[in-house]
Amino acid sequence: MPKNLLTSKFIKLILVSTICLTLILVNPKNFFNPVRELFLFTAYPFQKTFYIAGQMMNNFSSVIFSIGDYKKENEKLIRENNELLAKLANLEDQKRENDELRRQLELLPRDKYELESSLIIGQDQRGSGSWVIIDKGESDGLKEGMPVIVYDGILVGKVSEVYEKSSKVLLLSDSASSINVSDIGTSARGILTGEYGLGLILGMVEQTDMIKVGDDIITSGLGGLMPRGLLVGNIEQISNTSDKLFQQAVVRPKIKYSDLNVVFVIKKIK
Amino acid sequence: MASKIRILIIIFLASILEISFFPALFAGQIAPDVILVFIILWSSRKKFEEIWLWIILSGFILDLAIFGKIGINIFSLVLIAYTASSLRKRFFINQREGSFFIALALIIGGTIMHWILVIFLNDAWTDISWQLLVMKIVSNSIISIIVYGLIFKFKGIFGISESKLAIK
């Protein structure tokens with residue numbers, strides 16, 4: 001080895017690299033938990049303040065950038081309002097039909113859950129929408145595996161790590177996420193996994209099961225703490241796996257995960 | 001001592017900006033690596049041996065903040081800082097007028113290196129998105145203008161002096 005490589009600088013690099021790679025391989029998660037708890041406890045008020053400040057600035061800039069469009073938007077809204085009034089009567093009838101379908105499909109209404117509302121205080125900084133940090137933790141009764149929803153019972157992910165005052169929520173779009181789901185119309189079952197860049201992927205659907213574009217996908221209630229009937233998204237595209245054994249589909253989420261502000265953790269089913 | 005506390009606060013706040021402020025500001029689409037940019041710019045002006053403990057601390061705080069495996073960001077930041085610091089003597093001497101553009105090149109290289117290392121160490125090859133990498137490079141480059149300015153405005157805190165640019 002050349003002599004100039006054996007400098008204190010190089011030795012430090014080798015030393016730190018060796019320790020880090022050992023830590024990554026061994027991954028002694030629990031060993032660092034007290035330190036992480038302390039950090040999260042200290043960071044919590046700052047995270048909350050900075051996150052809210054960031055959102056306010058985002059909202060403000062959105063308003064600034066959209067001022068020019070307001071006039072056109074207003075005219076459009078007036079037109080749409082008239083159209084909507086006409087459609088309202090029609091929708092009333094569809095609502096009754098929808099309620100009946102909901103009953104038949106045994107969708108769980110929101111009042112059957114014990115919910116914990118949480119504010120998002122951090123997000124995946126890689127921008128890949130894999131996880132968020134929420135401001136509720138063990139002290140609020142949260143546990144790993146609890147489903148996380150937004151209004152109307154739309155599933156967005158599940159709690160993956162819990163600390164005293166905050167928790168990490170793994171979003172459905174993360175590649176490590178895996179949920180048992182079924183097609184609301186045909187009851188075809190499958191496994192929904194996150195696939196970055198392609199949205200959500202519904203896989204392991206047997207060839208004998210029927211799925212079609214536009215069908216809504218809900219949780220099947222199999223496995224873990226996930227209840228049945230939480231809406232996930234709708235089928236956008238269907239294909240076969242390369243071995244032709246199963247069908248798979250691209251599922252479009254019902255909401256944009258990057259726009260989340262407040263979420264609800266299902267602590268238990270009443 | 002006061003200087004060390006200030007640096008600690010700066011690193012802490014940089015991690016909060018990275019995890020909470022920027023993802024909220026840009027609705028999760030872009031989140032510049034504030035700490036990475038800060039470390040690259042700092043290490044391009046200081047000897048690695050003088051700031052290596054701060055780099056470890058920065059990586060550790062980032063690993064804690066993102067609920068990741070401890071060691072990933074430490075390793076990546078240390079390696080990048082080592083590279084930036086090694087290039088310091090080669091490029092920054094007698095190049096003071098164009099130093100920002102050299103720093104910018106280091107930011108771009110460091111961003112790519114950090115991106116690949118974090119994906120490799122997290123075993124997250126399925127999460128690769130070249131579009132995100134390009135956005136990351138752009139956002140890191142933009143944020144580096146601010147960080148560069150701040151480092152030089154408060155260079156006393158970071159122990160940077162013009163004389164340190166000269167080879168002894």
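Where chains A and B meet, 41 residues of chain B and 41 residues of chain A make up the contact. Keep in mind that this is a predicted model. Here is the rundown, starting with the chain B side.

**The face of chain B that touches chain A**
- Four helices of chain B each put in at least two residues: α1 (2-25), α3 (48-65), α4 (72-92) and α6 (130-153).
- Of these, α1(B) brings the largest share, ten residues.
- Sorted by class, this side of chain B has 30 nonpolar residues, plus six polar and five charged ones.

**A closer look at α1(B)**
- Just past the end of α1(B), B:Ala27 adopts a positive phi of about 50 degrees.

- B:Ile19 sits in helix α1 of chain B.
- Is B:Ile19 buried or exposed? B:Ile19 counts as buried because 28 other C-beta atoms lie within 10 Å, and the cut-off for buried is 20 or more.
- Setting aside residues up to four places away in sequence, B:Ile19 touches A:Gln47, A:Gly122 and A:Gln125 over on chain A, along with B:Ala65 and B:Ile66 in chain B.
- B:Trp42 is 23 residues from B:Ile19 along the chain, and their C-alpha atoms are 21 Å apart.

**The largest nonpolar core**
- This core has 101 residues, and the members that touch the most others are A:Val232, B:Ile39 and B:Val78.
- Which helix gives the most to this core? That would be α3(B), with eleven residues.
- What does A:Val232 touch, once its neighbours within four places in sequence are left aside? Its contacts are A:Leu155, A:Leu172, A:Val181, A:Leu192, A:Ile217, A:Ile218, A:Thr219 and A:Val251.

**Chain A as a whole**
- Chain A is built with three helices and twelve strands.
- Chain A runs to 270 residues, of which 31% count as buried.
- Taking the contacts in chain A with a separation of 6 or more, 57% are between residues 24 or more positions apart.

- The average pLDDT for chain A is 82, and 87% of the residues score at least 70.
- Among the elements of chain A, strand β5 (residues 167-171) has the highest mean pLDDT (92), whereas helix α3 (residues 70-104) of chain A has the lowest (71).

Note on methods
Residues numbered from 1 in each chain as written. Chains lettered and ligands numbered in written order. Predicted model: local features only at pLDDT ≥ 70, side-chain atom pairs only at ≥ 80, totals over all residues. Contact = placed C-beta atoms within 7 Å. Nonpolar A, V, L, I, M, F, W, Y, C, P; charged D, E, K, R; others polar. pLDDT = per-residue confidence, 0-100. Buried ≥ 20, exposed ≤ 12 C-beta atoms within 10 Å, placed from the backbone. Core = buried A, V, L, I, M, F, W, Y, C linked by C-beta atoms within 7 Å.
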